[in-house]
Amino acid sequence: MEFSVKMQPAMMMGIVWIVVGAVLLGIAVALFVLTRLFAKARPVKKERPPEPKKPTDYFYIRREAIHSIDKISLDLKKNKIDVRESYQRLSMTMRTFVSDMTGREVTNLTLSEIKEMGFGSLSQVITGYYEPEFALKTTADFESSAEVARRMIQTWS
């Protein structure tokens, strides 16, 4: 038995394949060049300089602090809060006031750190809050402490 097998000729590197390869290579090079050109041609965004800070409205800061102290006093009179919580709120109000007025964060500082920063009047006022703020029961008079805080706010320069 004889078999005859006719095999197709091997794929030769005809001129068609060379042209197709050259065209694909040309397209790839053109795309590469175009992406490089457009990448360089994009306008560079210039960063704006930071906007200058607006002058602090000290009148508004003082008014808000005094309003906050008045609200704490009213809540204490209406028995919405106890004396301890009123001193805690008063301490936070005073610390926030000083932070807003000076631009230096003092709300998370301890009393000794505040004394080191040189806020003498603030440390004296806050020292008066520590006993009633951390005691379970106190005999401190909140209204007198609130009045001292109001005077400090009004005279702070």
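The helix in question is α2, residues 58–77.

Analyst: The model is a predicted one. The protein has 6 helices and 0 strands, and 26% of its 157 residues count as buried. Among contacts between residues at least 6 apart in sequence, 59% join residues at least 24 apart.

Helix α2 has 20 residues, which at 1.5 Å a residue should span 28 Å; the C-alpha atoms at its ends are 29 Å apart, in agreement with that. After α2 comes asparagine 79, with a positive phi near 60°.

Two packed helices are described by the angle between their axes and the distance between the axes. For α2 and α3 (residues 83–102), the angle is about 180° and the axes are 10 Å apart. An angle over 145 degrees counts as roughly antiparallel, and α2 and α3 are therefore roughly antiparallel to each other. On the α2 side, the contact is made by Tyr58, Ile61, Arg62, Ala65, Ser68, Ile69, Ile72, Asp75 and Leu76. Helix α3 contributes Val83, Ser86, Arg89, Leu90, Thr93, Met94, Phe97, Asp100 and Met101. By class, the contact of α2 with α3 has 11 nonpolar, 3 polar and 4 charged residues.

The buried residues of α2 are Ile61, Ala65, Ile66, Ile69, Ile72, Ser73, Asp75 and Leu76. Their cover includes α3 and also α6, residues 142–155. Ile61, Ala65, Ile69, Ile72, Asp75 and Leu76 are buried and also take part in the contact with α3.

Notes
Residues numbered from 1 in each chain as written. Predicted model: local features only at pLDDT ≥ 70, side-chain atom pairs only at ≥ 80, totals over all residues. Heavy atoms only, no water. Helix = DSSP H or I, 4+ residues; strand = E, 2+ residues; numbered from the N terminus. Buried < 20%, exposed > 50% of the residue type's maximum accessible area, 1.4 Å probe, protein only. Contact = heavy atoms within 4.5 Å. Axes fitted to C-alpha atoms, helices over the stretch in contact; angles between N-to-C directions. Parallel < 35°, antiparallel > 145°, perpendicular 65-115°, else oblique. Nonpolar A, V, L, I, M, F, W, Y, C, P; charged D, E, K, R; others polar. Expected span 1.5 Å × (residues − 1).
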